[in-house]
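Thanks for coming, everyone. Please take a look at the structure, and then I'll walk you through a few spots.

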Amino acid sequence: MAERFTKADWEREHLLAGFDRLHDRLTAWARSAPAWPPFDEARVLVDRLDARLRVPEIDLDRALVVGFLGGSGTGKSTLFNALLGRKASRAGKEFRPMTRRAVVACHPDVDPAFLGLGEDELEIHRLNIPLLEQMILIDCPDPDTQDPEDGQGGERHLDILRAALPHCDVMVHTATSQKYKSHVVGQELRRNAPGRQILFVQTHADLDHDNRPDLRRYLDSLGLRVPEIFRLDGADALARQERGEPVDAEFARFRDLLEHELASRARHRIRRANLLGLYGWLLGAIREPIDAGLGAVAKLEEATALERARLAARIAAKMSERIDANRRLWRSRVLRQLNQAWGAGPLATLIGAWSAAGSLVRSLVLLRARTPTQAILAGGWTAVSLVGEKWRESRAAAALTAEADLGLTEGDLAHARTVLQGYLNEARLDPAPGEDGGDFSAEQLATVAVEVYRRLDAEINEVVEKRVARRAGPGTHWAFEIAFALLPAWLVLHLAKNFFHDHMIQGRPLLGLDFALQATFWCVLWGATVGGILLRRLNRGLHQELKAVVDRLAHAPLLDSLCRDASDACAAVRTHAEALAAIERDLADLERRVGGVLDLGLGALRSEGQELHQATS
C-alpha cells in the first residue's frame with residue numbers, strides 16, 4: 001500500500017516548490033537582463049552562486065556542519081576539544097601540522113567526503129559520542145597565522161579555510177578581550193557570513209574581563225546581527241571533564257544548544273534560513289548597484305525629454321507659422337465641407353452661391369458681351385481668371401508639403417545627439433543604434449519634413465470634417481434653414497396677402513418693383529447674417545484645434561529616431577529593475593513561511609551591500 005502524504009509532507013513539498021520557483025525566477029531574470037553593467041554583474045554573480053542556490057532536499061537531512069573560526073590564541077581549538085571532551089585538535093602557538101589541515105570530528109557512520117577536501121587537507125577524528133550523532137565539527141586553520149612550510153606567501157591555510165567554511169551551516173566565531181579586532185579574521189568572517197548562521201563566543205572567561213559590549217560594537221561595524229555573545233572558558237571546561245567533574249552552567253548551555261537545539265530540532269530550519277539568507281544577501285548585492293545606476297538612468301531620461309521638447313518646440317514654432325499663414329485656406333475648406341455635407345436647402349444654396357461668387361461674377365461679365373469680339377475677350381478673361389484661381393488654391397493647399405522645412409538643421413540634431421551620448425556614457429548604456437544610426441543629412445531632413453506636412457494636411461482635413469459633422473449636423477442644418485426661411489416666408493405671405501386680399505378684394509394696387517428689390521436685399525442680408533453666425537460657429541476654436549494637431553505632430557518620426565535608442569534602453573533597464581521586486585516579494589513570502597532563527601541565539605549578516613567577490617572567491 002502506497003504511503004500517504006501527511007499535512008506536514010504537503011507543507012514541506014509546497015515549501016520546496018517555493019524555493020524552486022524562487023531559484024528559477026532569479027536565474028531567468030539574470031539571464032534575460034538587457035545589456036547594462038549592474039545587470040551583467042548580477043548575471044555573473046547568480047551563475048557563480050547557482051550551485052549553492054539550489055540545494056537538494058537530501059542535504060537538509062545530513063548532519064549539521066559547525067565550523068570554528070578565530071584568530072590564533074583565541075581558544076578556538078581549546079573550545080573545539082572541550083565540546084568533544086578530549087584533545088582532538090592540538091592547541092597552542094607551537095608549530096603543528098594542523099595549521100595546514102582542517103581537523104574534522106564526526107561520527108564513525110558519517111562520510112566527510114562531501115567537504116570536498118583531499119586527505120592531505122583533512123585530519124579526521126571519528127568519535128562515537130552523542131554530540132556527533134547529528135553534527136560534524138570542523139576546527140578550521142587560523143587565518144592570521146603562517147606555517148613555515150608554506151613557503152612563499154604562506155597562503156595554504158587560507159585556501160583550506162576557504163574550502164571548508166562554505167560547507168558549514170553554522171560558524172562559531174571565537175575572540176578574546178585582548179584579540180577581537182583582527183582585520184584578517186573579520187574579513188574572512190564577512191566573506192563567509194552570507195548564507196550561514198553564526199555563534200559568537202568570547203573565550204578565556206576565567207582569565208579575561210567581560211569585553212562583550214566592545215566585541216558587539218566591533219561585530220556590528222562589520223555588518224553582523226549579534227543577538228547573543230556567549231562567554232566561555234574552553235580550557236576550564238576540558239579540564240573539568242578530564243577530572244570527571246561537571247562543567248559550568250554557561251558551557252553546558254552552549255553545548256546543549258549545539259547538540260539538542262541546533263543539530264537535532266532546528267537543523268532543517270537553519271539550513272532553510274541559511275539559503276534564504278544567501279538569497280537575501282544576493283538580492284541585496286544585486287539591488288545596490290542597480291539602485292545606484294538608476295540615478296544616472298533618470299538623468300538620461302530627463303535629458304532625453306528635454307532634448308525632445310527643445311526640438312519639438314522648434315518644429316512646432318515652424319509649423320504654427322505655416323498654419324497662421326494659411327488661415328484663409330482652412331476656412332475655405334470648412335465652407336467647402338459644409339456645402340458637401342448639407343447638400344440642398346435655401347441657406348445651403350445661398351452658401352454655395354457665396355462659394356461660387358467669383359464664377360458668378362465672371363458669368364455676368366460674359367453675359368454683357370454684345371459682339372463676338374467682346375464675347376471672346378470676356379470668355380478668355382473668365383478662363384484665365386478661373387485657371388488663376390484654381391492655381392492659387394492648389395498652390396496654397398500644396399504649400400505645406402512644397403516647402404520641406406521643419407525649422408531644424410543638421411547642427412541641431414548633432415548637438416542633441418552629443419548631449420544624449422554624454423548621458424548615455426554616464427548611465428553606462430550602449431544601445432544598439434537604429435537603422436539610420438540617428439544621423440540625418442539635409443536631404444533626409446527634407447524628406448521627413450515633407451512627410452510631416454503631408455500628415456499635417458491630412459489631419460487638418462480630418463479636423464475640418466469632424467468639426468462640420470459635430471457642429472453642423474442634421475439638427476443644426478434644419479435649425480439654421482428654418483431660421484433663414486423665416487424672413488422669405490414672411491415676405492411671401494405678405495405678397496400673397498397683397499395679391500389675394502388687398503388687390504383682388506379691396507382693389508388696392510400691387511406692390512411694385514421697389515418692394516421686390518428691397519425684399520431681395522433684406523433676404524440676402526438676413527441670409528448673410530444667419531450664414532455668418534453659422535460660419536463663426538464652425539470656425540470658432542478651429543485655430544486652437546489646428547495648434548493641437550501641430551503639437552502632436554511636432555514629435556515627428558525624426559525625433560523618434562533620434563531619441564528611440566536612449567528611450568528604449570532606459571525603458572528596458574527600468575522594466576527589468578522593477579521585475580526584481582517580484583523576486584524580492586517571493587523571498588519575503590518564503591522568509592515568512594520558514595520563520596527566523598533569532599530564538600536560537602544565532603547571528604547572521606545584517607548588511608546586504610557587501611563586495612560581490614566576497615561570495616564568489
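First, a term. A salt bridge here is a side-chain nitrogen of Lys or Arg within 4 Å of a carboxyl oxygen of Asp or Glu. With that in hand: Arg62, Asp169 and Arg271 are linked in a network of such bridges. Keep in mind that this is a predicted model.

How many salt bridges does the structure hold? The count is 26. Let me show three pairs.

Start in helix α8, residues 249–265, which contains both Arg253 and Glu250. They sit 3 residues apart, about one turn of the helix. Their closest N and O atoms are 3.2 Å apart. Arg253 has 38% relative accessibility, so it counts as partly exposed. Glu250 is partly exposed too, at 23%.

Next, helix α9, residues 267–325. Arg310 and Glu307 both lie there, again 3 residues apart. Their side chains meet at 3.0 Å, N to O. Glu307 is buried, at 8%; the cut-off for buried is under 20%.

Glu462 has 38% relative accessible area and is partly exposed. Lys466 is partly exposed as well, at 48%.

Now to empty space. Rolling a probe the size of a water molecule over the atoms shows where empty space is left. The count comes to 1 cavity of 30 Å³ or more. The largest cavity has a volume of about 60 Å³. What lines it? Among the lining residues are Gly71, Thr74, His173, Lys179 and Tyr218. By class, the lining has 4 nonpolar, 6 polar and 1 charged residues. The largest share, 3 residues, comes from β5.

On to helix α3, residues 76–84. It is mostly covered, with 8 of its 9 residues buried. Those include Lys76, Phe80 and Leu84. Just after α3, Gly85 takes a positive phi of about 80 degrees.

Last stop, the surface. Phe499, Phe500, Met504, Ile505 and Leu510 make a nonpolar patch of about 550 Å². Ile505 lies in the loop between α16 (474–503) and α17 (513–539). Why does Ile505 count as exposed? Because its relative accessibility is 63%, and the cut-off is over 50%.

Technical notes. Residues are numbered from 1 along each chain as its sequence is written. This is a predicted model: local features need pLDDT of at least 70, side-chain atom pairs count only at pLDDT 80 or more; totals for chains, interfaces and linings use all residues. Side-chain values use heavy atoms; hydrogens and water are left out. Patches are made of residues with over 30% relative accessible area and no salt bridge: like charges are joined within 9 Å, nonpolar side chains (Val, Leu, Ile, Met, Phe, Trp, Tyr) within 5 Å. Accessible areas come from the Shrake-Rupley method with a 1.4 Å probe; for residues, only the protein chains shown count as cover. Helices (H or I, at least four residues) and strands (E, at least two) are DSSP runs, numbered from the N terminus. Buried means under 20% relative accessible area, exposed over 50%, partly exposed in between (1.4 Å probe, protein chains only). On a 1 Å grid over the protein atoms alone, a cavity is a set of points where a 1.4 Å probe fits but cannot get out, and a pocket is an open set with protein on both sides within 12 Å along at least five of seven lines; lining residues have an atom within 4 Å of a point. Grid points are joined across faces, edges and corners, and a volume is the space filled by probe spheres set on the points. Ala, Val, Leu, Ile, Met, Phe, Trp, Tyr, Cys and Pro count as nonpolar, Asp, Glu, Lys and Arg as charged, and the others, Gly among them, as polar.
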